Structure formats: structure tokens, C-alpha cells
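Hello,

Here is the structure I promised to pass on to you. Please open it first, and then read my notes below with the model beside you.

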Amino acid sequence: MSRRTEQQPDLTDPRIGAPLFSTWRVGTPERQGLTVEAIGRTWERRPWPADGLLGYHVYAGQDGSTLMHHSQWSGEHAFEAFVKTHRQERVDEIDTAVPGIERVGLGRYRRYRSRERAVGDVRVPGVIVTVRIDFEEGAGARREEWVDLVVKALGDDPETHAGLISAHFHLSTDGGHVLNYAEWESDQAYDDALAAPGSDAWERVRGYPGMTGSSGSRYRHALGLVPG
């Protein structure tokens, strides 16, 4: 069966071959809560749909209108099989409970590398920050080098980023962007890091050739579902 968990996902699980992220627009904080509960009920009353699905997590956006979905699959073939056999009945039940949900799109990724949680660090993230970094067409091959620069800059500047628990860098399979999923101790810790003076290393990160822009969002973990 499917069961709820309050435990946040482990993005470094080596079994994950296809991490997927998607966004729903639901309109208001009240509808955020109603949609999360509808998802939980819909999944709990059904068997876990596939051995290839390791976990499914939903996050409420601080904007009060969006939900981010993060599903961890062994491979894209497992996800495609789920879409063919189990997805629509779940969508229909959720849409009946909360009409008018706008499904913005699905992003497919592979995790490239992480700045992992330190050994013995038991902090619970107060906020999840996702940042999408876009690259020019044809510059996708340079994304790994950019991530390497970021990880090095984080290592060289631990004091400024003391509130960062972990950061996980995903490369979109279409070659267009990087998605950083970062766990922060609090909003204030993240704001303080953003306000800190930029070092030479961070200037190289921000001015890296081929980057065309970035956008970020803040979330709280609202629902976790795992095999029962």
C-alpha cells in the first residue's frame, strides 16, 4: 500500500535513475492545503503503483499558489508505465476534489552531484529552495563545469553558507538548464547568504559563459508518500 511519511526525501539514493519535478498552480493557500490532502487520500486508498517508484513528495510554495511535485523513479521506463496504467485515475480523483488545477509542466533530470549534508548534521530544513539556471542553446555541455564551480565556491566559503544543509544539482535531460534543490535551515539563513558580499569565486559562477538567467522558488515539505 501507499503510506504517508514526514521524512524528507534522500536525493542521493543511488537507486534513483530518473528524478522528476513538476509544478501545479492551484491559486490560493487554502487550495494548496485542499490539494495536498486530496493527493494524500487518493494515494493512500490505492496500492503503491510500481516497484520503480521510490518516493513521491509534494511541497507548498511560499507564494501561496503553487505546489511542486518531486517523484523519484528507478528509470524513465517505470514512469512511462505508470502514466499508461495508474496516473489518470489519480488525476481524475484529485481534480474532482479540487477543480481547476493548472498543471504547468514536467521536468526530467539526472542528478549530477551534491553538496551533501555533513556527517552528524541532524537539522530539519526550514525551507527548500529550488533555483533553475538556464543556458544558451548548445551550451548544455558546460553545465557540469558550472556546477563544479558552485560546489567549489560553497566549499571555499563555509561561513557565509552555514545555514545551508545540502544542495543537489540536477541536469535537465533536454540539455537546457540546471535545477538546484537546496535544503536551508531557515529563510533568514538563505536571505543572509544572498546578502553577503560576493567573492571572486561567486563572481565567476554568476558570470559563467552561456548562462542566460535564473529563477528561484521557496517551498515547505507538505506531503511524503512511500511504499507501505
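**Around T130**

Leaving out residues up to four places away in sequence, T130 touches M68, L179, N180, Y181, S215, G216, S217 and Y219, where contact means heavy atoms within 4.5 Å. T130 sits in strand β6 (residues 127–135); strands are DSSP runs of E with at least two residues, helices are runs of H or I with at least four, and both are numbered from the N terminus. With a relative accessibility of 7%, T130 counts as buried (under 20% relative accessible area is buried, over 50% exposed and in between partly exposed, with a 1.4 Å probe and protein chains only).

Before you go on, please note that this is a predicted model, in which local features need pLDDT of at least 70 and side-chain atom pairs count only at pLDDT 80 or more, while totals for chains, interfaces and linings use all residues. Residues are numbered from 1 along each chain as its sequence is written, and side-chain values use heavy atoms, without hydrogens and water.

How do the axes of α1 and α2 cross? Helix α1 (residues 29–44) and helix α2 (residues 76–97) have axes that come within 9 Å and cross at roughly 135 degrees. That angle makes α1 oblique to α2 (under 35 degrees is roughly parallel, over 145 roughly antiparallel, 65 to 115 roughly perpendicular, and the rest oblique). On the α1 side, the contact is made by T35, A38, I39, R41, T42 and W43, and on the α2 side by F82, R90, E93, I94 and A97. These residues divide into 6 nonpolar, 2 polar and 3 charged (Ala, Val, Leu, Ile, Met, Phe, Trp, Tyr, Cys and Pro are nonpolar, Asp, Glu, Lys and Arg charged, and the others, Gly among them, polar).

A97, in helix α2, is partly exposed at 43% relative accessible area. Neighbours within four places in sequence aside, A97 is in contact with A38 and R41. The C-alpha atoms of A97 and I39 are 9.4 Å apart, although 58 residues separate them along the chain.

**More on α1**

Which residues of α1 are buried? They are Q32, T35, V36, A38, I39, G40, T42 and W43. These buried residues pack against β1 (2–5), β2 (18–25), β3 (53–61), β4 (66–73), α2 and β9 (211–227).

**One last residue**

D192 is in helix α4 (residues 187–195) and is partly exposed, with 44% relative accessible area.

Enjoy exploring!

Methods
Axes fitted to C-alpha atoms, helices over the stretch in contact; angles between N-to-C directions.
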